[in-house]
Structure formats: C-alpha cells, structure tokens
Amino acid sequence: PCNIDMACLLSRLLAEGLGVERDIDRAFETLDVPGGTADGKLFAHIGMLHFEQQDFAQAERFFTQGRRLGDPDASMHLGMLCLMQGRHAEAEEISNEGRRLGNS
C-alpha cells in the first residue's frame with residue numbers, strides 16, 4: 001500500500017532539491033500512486049507543485065479535487081488562488097468552508 005504522507009514528503013524533497021538533485025518531473029512521478037488513490041491531501045500537494053510552477057489552471061484543478069474530498073489544505077490553497085485572481089466572493093466562501101473543515 002502507498003503511504004500518502006511519505007509520497008508527499010519525497011515529492012517535496014525532489015521539488016526543492018533538499019538532499020537530492022532537484023527534479024520536478026520525478027516530484028510529480030512520485031505522486032502517481034497505484035490504484036487510483038483518491039486522497040484530498042495528495043490532490044492538495046499536487047496542486048501546490050503546479051502552483052509553484054505557476055501553472056495556475058492545473059493548480060486550481062487539483063485544489064478543487066482535494067476540496068471535494070474534504071481536505072482543508074486544498075480548500076485553503078484554492079481560496080488563496082481565487083483571492084490572487086481577484087475572485088473575492090468565491091475566495092471568501094471557500095475560506096469559510098476551509099475553517100469549518102479545520103483550517104484556520
């Protein structure tokens with residue numbers, strides 16, 4: 001079985017080049033978990049990698065999927081992205097939802 005937390009950690013190390021050679025492609029490959037695992041945390045993490053690459057459309061896609069699965073971080077990141085894009089009403093709605101899910 002795949003450990004989502006470890007996959008996210010390894011991906012972050014590769015994306016940032018912490019103790020290993022920086023390799024964004026391998027960072028994404030690390031998150032290709034077997035069995036089509038639907039985990040909100042995983043979607044939030046993939047969204048952040050896209051966000052950091054300034055691929056905001058893909059970031060929004062993954063944050064939205066994570067939000068649908070109830071991940072508070074995905075909701076928070078999606079709200080920040082909406083705010084950054086001037087979508088204030090949507091950002092407020094998503095932020096309120098994120099707080100209800102446990103994000104402050």
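In which helix does Gly66 lie? In this predicted model, Gly66 belongs to helix α4, which covers residues 56-68. The protein contains six helices and zero strands, giving the pattern α-α-α-α-α-α along the sequence. Of the 104 residues in the protein, 38% are buried. Among contacts between residues at least 6 apart in sequence, 44% join residues at least 24 apart.

Setting aside neighbours within four places in sequence, Gly66 is in contact with Gly40, Phe43, Asp71 and Ala74. Lys41 is 25 residues from Gly66 in sequence, yet the two C-alpha atoms are 6.5 Å apart in space.

Asp71 caps the N-terminal end of α5, with a side-chain oxygen 3.1 Å from the backbone nitrogen of Asp73. Ala74 is among the buried residues of α5, together with Ser75, His77, Leu78, Gly79, Leu81 and Cys82. The helix itself runs over residues 72-84, and its 13 residues reach 18 Å from the first C-alpha to the last, close to the 18 Å expected at 1.5 Å a residue. After α5 comes Gly86, which has a positive phi near 80°.

Terms used:
Residues numbered from 1 in each chain as written. Predicted model: local features only at pLDDT ≥ 70, side-chain atom pairs only at ≥ 80, totals over all residues. Heavy atoms only, no water. Helix = DSSP H or I, 4+ residues; strand = E, 2+ residues; numbered from the N terminus. Buried < 20%, exposed > 50% of the residue type's maximum accessible area, 1.4 Å probe, protein only. Contact = heavy atoms within 4.5 Å. Expected span 1.5 Å × (residues − 1). Polar contact = N/O pair within 3.5 Å; in protein donor to acceptor, adjacent residues only side chain to side chain.
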